[in-house]
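Trainee: I would like to learn how to read pockets and sheets in a model. Please take me through one.

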Amino acid sequence: MDGVILADKPAGVSSHDVVAAVRRTLDGVRTGHAGTLDPFATGLLLVLVGRATRIQRLLMALPKTYEVLARLGAVSTTGDPEGQITITGKLPDPAAVLPEGLVRQRPPAYSAVKIDGERAYRRARRGEEVRTREREVHVERFECLWREDDRAAYRITCSAGTYVRALIADLGDAYCERLRRTRIGPFAVQEASLEDLRPAPQQLIDGLIGVPEALEFLPQVRLESEDARRAAHGRPVPAPPALHASAGGAAAVSVLVTDDRGAVAVTELAAAEGGWVLRPVIGFRA
């Protein structure tokens, strides 16, 4: 039971609720997820099962696509419908350019970022003044699908760590009324096999994407038995010359190594005496 389950999270439940439902159905197998969705939000959640929890950081780093319904002329203390709503009647300028490329943003006070080791939303709920640090994110696409009266729909593709609620709030007086994640890297919500919190065990098993398939976005190298054994024990193995060339001469490129039994390890391309090697950083055999 090692792999990734694509879940279409419903509104009103947390990402943890979805993970707990999978863990409960699979008799306590180790589970996790790659990228939290707020309870009001819906859409794609990657649930990690077994040794797939080890690739969490790789999946979390993938770009994400969202579809947003924004309410205009109003603000929310949380940036979503769960906060205190104030109607201002001040509509954002429809001619304003939507930000793309490198964008500096400040995560909302009601967010999971940590301030002195504590989640920001916990401080905000106590009524404390919260000021998060600005961060630089990348917005690949920010397009308006339609706008009518005090509602507008947007499609946003952005880097990991981007707060869509902050992007909408920065338009002016606006907040996210509905938020749906439709894609994470190569994974689409239309391919989700889990849509509720009472899944049948066979449903989860049938929908499980194995680790090699889940990491198809990485370069892959197939090893012979001796090199596979070395990599499984955390020892570096020679990198194919063409791999370094295809990586543009860059080091620290993540590469999945496999053998006839499946995934062996995620490695990083590294320089070594006598040439380039693949150094294991995440193992799947131990």
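Trainee: Which residues lie nearest the centre of the largest pocket?
Mentor: On a 1 Å grid over the protein atoms alone, a pocket is an open set of points where a 1.4 Å probe fits, with protein on both sides within 12 Å along at least five of seven lines; lining residues have an atom within 4 Å of a point. Here 36 residues line the largest pocket, and T36, L37, D38, A112 and Y163 lie nearest its centre. This is a predicted model, where local features need pLDDT of at least 70, side-chain atom pairs count only at pLDDT 80 or more, and totals for chains, interfaces and linings use all residues. Residues are numbered from 1 along each chain as its sequence is written, and side-chain values use heavy atoms, without hydrogens and water.

Trainee: Which element gives the largest share of that lining?
Mentor: Helices (H or I, at least four residues) and strands (E, at least two) are DSSP runs, numbered from the N terminus. In the largest pocket, helix 3 gives the largest share of the lining, three residues.

Trainee: What lines the second largest pocket?
Mentor: Its lining has 18 residues, with G79, P108, R165, A166 and A169 nearest the centre. Helix 4 gives the most, three residues.

Trainee: How do the strands of the open sheet pair?
Mentor: Strands of a sheet pair through backbone hydrogen bonds, either parallel or antiparallel. Two strands count as paired if DSSP finds at least two bridges between them. Here five strands, in the order 14-16-17-18-15, form an open sheet with mixed pairing. Strand 14 (220-222) and strand 15 (237-238) are its edges, each pairing on one side only. Strands 16 (254-259) and 17 (262-272) are antiparallel over six bridges; V255 has T267 of strand 17 as its bridge partner.
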